[in-house]
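Student: I am new to reading structures. Could we go through some features one at a time?
Tutor: Here is the structure, and we start with a term.

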Amino acid sequence: MTTPILRHLDELRALRRTWTRAGETLGLVPTMGALHSGHLSLVEAAKATCDRVIVTIFVNPKQFNNPEDLANYPRTEHEDAIKLAPYDVDVIYVPDPDQI
């Protein structure tokens, strides 16, 4: 099964509301993408302790003081989704800056 990728905050909020109303616990693993074993260990920990797991991939432009660094930061959404597939996370949230 493919993990859904959401891009709009209203979609994520609606899903979160459904889960919290059902009494489920939520785990959030915030990332900037380009996932590595450290990120995946956080996903494992969230899966072990929460009913639902959300992984965010957001390259925050405000974290870069050099526009060239922002432009060169790796964007590996497809590869990240493949890395997350074995962990069966519930959703990947990949917002544009206007959604934050």
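Tutor: Buried means under 20% relative accessible area, exposed means over 50%, and partly exposed is in between. Keep in mind that this is a predicted model. Arginine 16, at 34% relative accessibility, therefore counts as partly exposed.

Student: Where does arginine 16 lie?
Tutor: Arginine 16 is part of helix α1, which covers residues 9-21.

Student: Which residues gather with Arg16 in a patch of positive charge?
Tutor: The patch holds Arg13, Arg16, Arg17 and Arg21, and it is on the surface.

Student: Now the sheet. How do strands of a sheet pair?
Tutor: Strands of a sheet pair through backbone hydrogen bonds, either parallel or antiparallel. Here 4 strands form an open sheet, and the pairing is parallel. Their order is β1-β4-β3-β2. The edge strands are β1 (5-6) and β2, each of which pairs on one side only.

Student: Over how many bridges do β2 and β3 pair?
Tutor: The two strands pair over 6 bridges, in the parallel sense. In this pairing β3 takes in residues 52-57. As an example of residues standing opposite one another, proline 30 faces threonine 56 in β3.

Student: Over how many bridges do β3 and β4 pair?
Tutor: Strand β4, residues 91-93, pairs with β3 over 3 bridges, again in the parallel sense. Threonine 56 has a bridge partner in β4 too, namely tyrosine 93.

Student: Which side chains of β2 are buried?
Tutor: Along β2 (residues 26-31) the side chains alternate between two faces. Gly27, Val29 and Thr31 point to one face and are buried.

Student: Is isoleucine 54 buried or exposed?
Tutor: Isoleucine 54 counts as buried because its relative accessibility is 7%, under the 20% cut-off. This residue is placed in strand β3.

Student: Is leucine 35 buried or exposed?
Tutor: Leucine 35 has a relative accessible area of 3%, so it is buried. Leucine 35 is found in the loop between β2 and α2 (37-49). Leucine 35 and leucine 84 are 49 residues apart along the chain, and their C-alpha atoms are separated by 8.8 Å.

Student: What can side chains of opposite charge do?
Tutor: Side chains of opposite charge can pair when their charged atoms come close. For a salt bridge, the cut-off is a side-chain nitrogen of Lys or Arg within 4 Å of a carboxyl oxygen of Asp or Glu. By this rule the structure has 3 salt bridges.

Student: Which side chain meets arginine 7 in a salt bridge?
Tutor: Arginine 7 meets glutamate 77, at 2.5 Å from N to O. Arginine 7 lies in the loop between β1 and α1 and glutamate 77 in helix α4 (residues 77-84), so the pair ties together parts that are 70 residues apart in sequence. Arginine 7 counts as partly exposed at 37% relative accessibility, and glutamate 77 counts as partly exposed at 26%.

Student: Which residues are linked in a network of salt bridges?
Tutor: The network links Glu24, Arg52 and Asp90. Glutamate 24 and arginine 52 meet at 3.2 Å, N to O. That pair links distant parts of the chain, 28 residues apart: glutamate 24 is in the loop between α1 and β2, and arginine 52 is in strand β3. Aspartate 90 forms a salt bridge with arginine 52, and their closest N and O atoms are 3.1 Å apart. Here too distant parts are linked, since aspartate 90 is in the loop between α4 and β4, 38 residues from arginine 52.

Student: Is aspartate 90 buried or partly exposed?
Tutor: At 18% relative accessibility, aspartate 90 counts as buried. Glutamate 24 is partly exposed at 23%, and arginine 52 is partly exposed at 24%.

Student: What is the phi of aspartate 88?
Tutor: Aspartate 88 has a positive phi of about 55°, although it is not a glycine. Its place is in the loop between α4 and β4, and at 49% relative accessible area aspartate 88 is partly exposed.

Technical notes: Residues are numbered from 1 along each chain as its sequence is written. This is a predicted model: local features need pLDDT of at least 70, side-chain atom pairs count only at pLDDT 80 or more; totals for chains, interfaces and linings use all residues. Side-chain values use heavy atoms; hydrogens and water are left out. Patches are made of residues with over 30% relative accessible area and no salt bridge: like charges are joined within 9 Å, nonpolar side chains (Val, Leu, Ile, Met, Phe, Trp, Tyr) within 5 Å. Accessible areas come from the Shrake-Rupley method with a 1.4 Å probe; for residues, only the protein chains shown count as cover. Lys and Arg count as positive and Asp and Glu as negative; His and the chain ends are not counted. The place of a charge is taken as NZ of Lys, CZ of Arg, CG of Asp or CD of Glu. Buried means under 20% relative accessible area, exposed over 50%, partly exposed in between (1.4 Å probe, protein chains only). Two strands pair if DSSP finds at least two bridges between them.
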